[in-house]
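Hello,

Here is the structure I promised to pass on. Please open it first, then read my notes below.

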Amino acid sequence: MARKEKIYRRLPGRPFSPIGVSSFWHGSDHLLLVESAFFKERYRRFYYKDIQAVVMHRTGLHWVWTALWSGLALLFGIIVFLTPGTHYVSATFLAISLVALVVNLILGPSCRVFLQTAVQRQHLRTLKRVRTAAKTMDRIKILAEVQQGSWEKQMSAKGQEKQVSAPTVSPPIQQDATPASSVEKAPAGLFRPLLHRILFGLLIAAGVLGGIQLYLKSLPLGLLEALMHGVLLIMVIVTMVRWYRHLKGTVISKINWLALILIVFYSAVGYVLYFAVSFRYPEITYHNWAMFKRMFELQTVDHPLALTSNIIYAGGCLLFGIFGMLAVQKNAHRPTS
C-alpha cells in the first residue's frame, strides 16, 4: 500500500513557550501556525501570496541566561568543592546548571521573528534563536517566491515605477496604522538610573549578606537580611512602575522582572516557614520576636531544601545586582524619545 503524502511539513523551531505549545508548518499554498494551551488549539493560516516580509530582531536574552547559569554553576561548584561533607543536592544542581549553560551556548544568540502580511504582524514564538530563525526564514522566502515571484525583482520593478511616476504617486497607506488619537506617545526625556542603581546595589549587598549568612547563621544578620528583603521588594516594584514605559523590552527590564520573581519566591518561602511555625508552636503565634527566632532556626537548619533556597536567593541577588549595574552603566542617560 502506497504511503499517503504529507500535506504539511514542520518548520524548524522550539515548540514550547511559557503559555503553551506552538508549532509552525508549511503546506502547498500557506503556512500554518498551531498554538495549544490548556486543552485548546488555535490555528492560523498565512498564504504565501499575502506575505510581505519576515523580520528578525536580535535580543539580549541569551546573555541573561548565560549569566544566570554561569553564576549558579559557580556557586554550587564552590559549595561542592570547598566545603566538607557530601553535597548530593548541590552536586545535582551543579550538573543541571552546567548542562543548561552548555545547551544555551550551543543554541546561540536569541531573537524575535515577525511575519508581516497586509492585515497583521504575527510574532512567531517558535523561533527564539538566530540560527534556527535564519533557516526558517530562508525556507519561507523560497516558498513565497514560488507564488509571488522573486522579491528582489519585485523591489527593483517597484523602484523603477516610482522613478517614472514620482510626481503623481500618493504616499502609501499603512495597513496596520491606528488613528493618531489612540496612539500612546512615547515618553520623552532621559532615563535617569538613580533608582536602579540603588536597587542593584541593594541586590549585591543582599547577595553578599546571604553568602555570609550561609556560614555564620547569625540572628542579628538574619534580622538585617529580613529588613533588606522588605526594602528590595518595595524598590523593585517602584523602579518597574516608574520607568516601565522607558525601559520596556530592554535588558534592564528583564533583569527587573527576574529580580521580582526571585524576591517573590523567597517571600513565599518565608510565608511557608511562618505557617509551619504557627502550626508547630501555636503559643507564640502573636509573639513576633519569638516567631522570628523560630523561623530563623528553620531557615538556617542544615537541610537540603533550606540550604538550596538560601543559595538560590543569595546567588540570584548577587548575579542580578552585578549584571543590572553593568546594564545601567551602559544605558545611563540615554534618550528615551
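In which sense do strand S6 (residues 51-59) and S7 pair, and over how many bridges? They pair in the antiparallel sense, over eight bridges. Keep in mind that this is a predicted model.

**The strands**

S7 and S8 make a hairpin, with three residues between them.

How enclosed is S7? Strand S7 covers residues 110-117, and seven of its eight residues are buried, so the rest of the structure largely encloses it. Buried here means under 20% relative accessible area.

**The helices**

Next, look at helix H6 (residues 219-242) and helix H8 (residues 251-280). Two packed helices are described by the angle between their axes and the distance between the axes. For H6 and H8, the axes come within 10 Å and cross at roughly 145°. The crossing of H6 past H8 is left-handed.

Which residues make the contact? From H6 come Glu 225, His 229, Leu 232, Leu 233, Val 236, Ile 237, Thr 239 and Met 240. H8 brings Asn 256, Trp 257, Ala 259, Leu 260, Ile 263, Tyr 266 and Ser 267. By class, the contact of H6 with H8 has ten nonpolar residues, four polar and one charged.

Best wishes

Key: Residues numbered from 1 in each chain as written. Predicted model: local features only at pLDDT ≥ 70, side-chain atom pairs only at ≥ 80, totals over all residues. Heavy atoms only, no water. Buried < 20%, exposed > 50% of the residue type's maximum accessible area, 1.4 Å probe, protein only. Helix = DSSP H or I, 4+ residues; strand = E, 2+ residues; numbered from the N terminus. Pairing = 2+ DSSP bridges. Axes fitted to C-alpha atoms, helices over the stretch in contact; angles between N-to-C directions. Left-handed = near helix turned anticlockwise from the far one by under 90°. Contact = heavy atoms within 4.5 Å. Nonpolar A, V, L, I, M, F, W, Y, C, P; charged D, E, K, R; others polar.
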